[in-house]
2 protein chains.
Amino acid sequence: MTKTTFQEFQSADFAAMSPYFRRNFINCLSGFKSLNLVGTADAEGQTNLAPFSQVFHVGASPALLGLLVRPDSVPRHTLANIEATGFYTLNHVRADFVKEAHQTSARYAISEFEACGLTAEFRNGFPAPFVGEAWVQMGLRFAERHHLAINGTILVIGYIERVQIPADCINPDGFIDLEKAGSLTSAGLDAYYEAKKVGRYAYAKPDQPVSEIE
Amino acid sequence: MTKTTFQEFQSADFAAMSPYFRRNFINCLSGFKSLNLVGTADAEGQTNLAPFSQVFHVGASPALLGLLVRPDSVPRHTLANIEATGFYTLNHVRADFVKEAHQTSARYAISEFEACGLTAEFRNGFPAPFVGEAWVQMGLRFAERHHLAINGTILVIGYIERVQIPADCINPDGFIDLEKAGSLTSAGLDAYYEAKKVGRYAYAKPDQPVSEIE
């Protein structure tokens, strides 16, 4: 296979792009992303649901996840609810409800659960709603908030307090088989993908060749 | 298809896990991740290369990417070099060099480019080395650094200054076809995946059904 023709861009080229083209283009550059629906409720119990592709691992002990909220993004209710109640859920999106998940990004006056036909599940006293259709569900408690001065983006960090996951997707070494769980990955603003395993490799050491983990 | 059996975990269960099991388990929870090799050079021109799965979009205008560096992670040279020179590259990993990419995480005394058989490409005066084998390459300039007090993680934000990408992977609307470019996604500490498109959907509006983008 020969390499294809490459195109080069510099910062001045980004400035010359139309805003729509630039948003699509730049949003793809980081690579594939996670895809979570964030479930919240306000102080009166009114539920809210919004898709986020900017969720990432911050630490294992204590278990922490980061969530990036763009200042100009639709789900401003999500942030208000997290700050009001201190709790939220993260729910991996599967192909069988990806269209409903995408649709939660529309600006609804009512709860996105109801508007998009997804199930708000309150379970075991956790104050925020899980997405009943999701196979990987997490309940988080707000920990800290950072304001990224450079463009007003807000980084929310939370403690993972609850996890519900298909029992047969947990390997003996703790690895979670997200492909088997049907978790999707996303790219740009609007593209969704399934993942197909290439390999899992043992901890790398300088004097040893790469070896596969089953 | 019926749902499988679910297993529930609470924070106390995380504490009871072995550190190895917990690291694998918690690192998978965020979902699928990007996969970039970060190329740097020190003030003397000695090159360094390390894999990062914590790269994410921060803004389109100006074009900004975030990079999360765990305090206990191997690639501490990466951070030192970024701070010393102000420049670094991000290079999407493809399946045809994923083993070499994984191997760059080993603790080498020499450059990981040389040790792992990847090509350090200095191009057009950019001060940090690109990975010649990568189809999606970016050159970044350091913008700001945040210390996440909660566990000592460091968030590095940089301006995207250069992009090189296969010309036929750029759609007319600016969307980059990362599946066609062969960019991989990752999960946990050591698992790599190819992405297969499920769909791309138009901007969601409350009164319209989900519609596919070609």
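Predicted model: local features only at pLDDT ≥ 70, side-chain atom pairs only at ≥ 80, totals over all residues.
Biologist: Is strand S2 of chain A, residues 36–41, mostly covered or mostly open, and how many of its residues are buried?

Modeller: A residue is classed as buried when its relative accessible area is under 20%. By that criterion S2(A) is mostly covered, and the number of its residues that are buried is six of six.

Biologist: Which residues of S2(A) lie on one side, and which on the other?

Modeller: In a regular strand the side chains alternate between the two faces of the sheet. Both faces of S2(A) are covered. One side holds Asn36(A), Val38(A) and Thr40(A), and the other holds Leu37(A), Gly39(A) and Ala41(A).

Biologist: Which residues stand opposite Val38(A) in S3(A) and in S6(A)?

Modeller: S2(A) runs antiparallel to S3(A), residues 47–52, with six bridges joining the two. With S6(A), residues 87–92, S2(A) is also antiparallel, joined by four bridges. Opposite Val38(A), the residue in S3(A) is Ala50(A), and the residue in S6(A) is Leu90(A).

Biologist: In the hairpin of S2(A) and S3(A), which residue takes a positive phi?

Modeller: Five residues lie between the two strands of this hairpin. The residue with a positive phi, near 90°, is Gly45(A).

Biologist: What area do chain B and chain A bury between them?

Modeller: The size of an interface is often given as the accessible area lost when the parts come together. Here the contact takes 113 residues from chain B and 113 residues from chain A. Carbon and sulfur atoms carry 62% of the buried area, which totals about 10000 Å².

Biologist: How many salt bridges are counted between chain B and chain A, and which residue of chain B forms one with Arg123(A)?

Modeller: A salt bridge requires a side-chain nitrogen of Lys or Arg within 4 Å of a carboxyl oxygen of Asp or Glu. The count between the two chains is four. For Arg123(A), the closest N and O atoms are 3.3 Å apart, and the partner is Glu8(B).

Biologist: Which strand gives the largest share of the side of chain B that touches chain A?

Modeller: By class, that side of chain B has 58 nonpolar, 32 polar and 23 charged residues. The largest share, 11 residues, comes from residues 153–166 of chain B, strand S10(B).

Biologist: What is the bridge partner of Phe9(A) in S10(B)?

Modeller: Strand S1(A), residues 6–10, runs antiparallel to S10(B), and five bridges join them. In S10(B), the residue bridged to Phe9(A) is Val163(B).

Note on methods: Residues numbered from 1 in each chain as written. Chains lettered and ligands numbered in written order. Heavy atoms only, no water. Buried < 20%, exposed > 50% of the residue type's maximum accessible area, 1.4 Å probe, protein only. Pairing = 2+ DSSP bridges. Contact = heavy atoms within 4.5 Å. Buried area = accessible area lost by both parts, 1.4 Å probe. Nonpolar A, V, L, I, M, F, W, Y, C, P; charged D, E, K, R; others polar.
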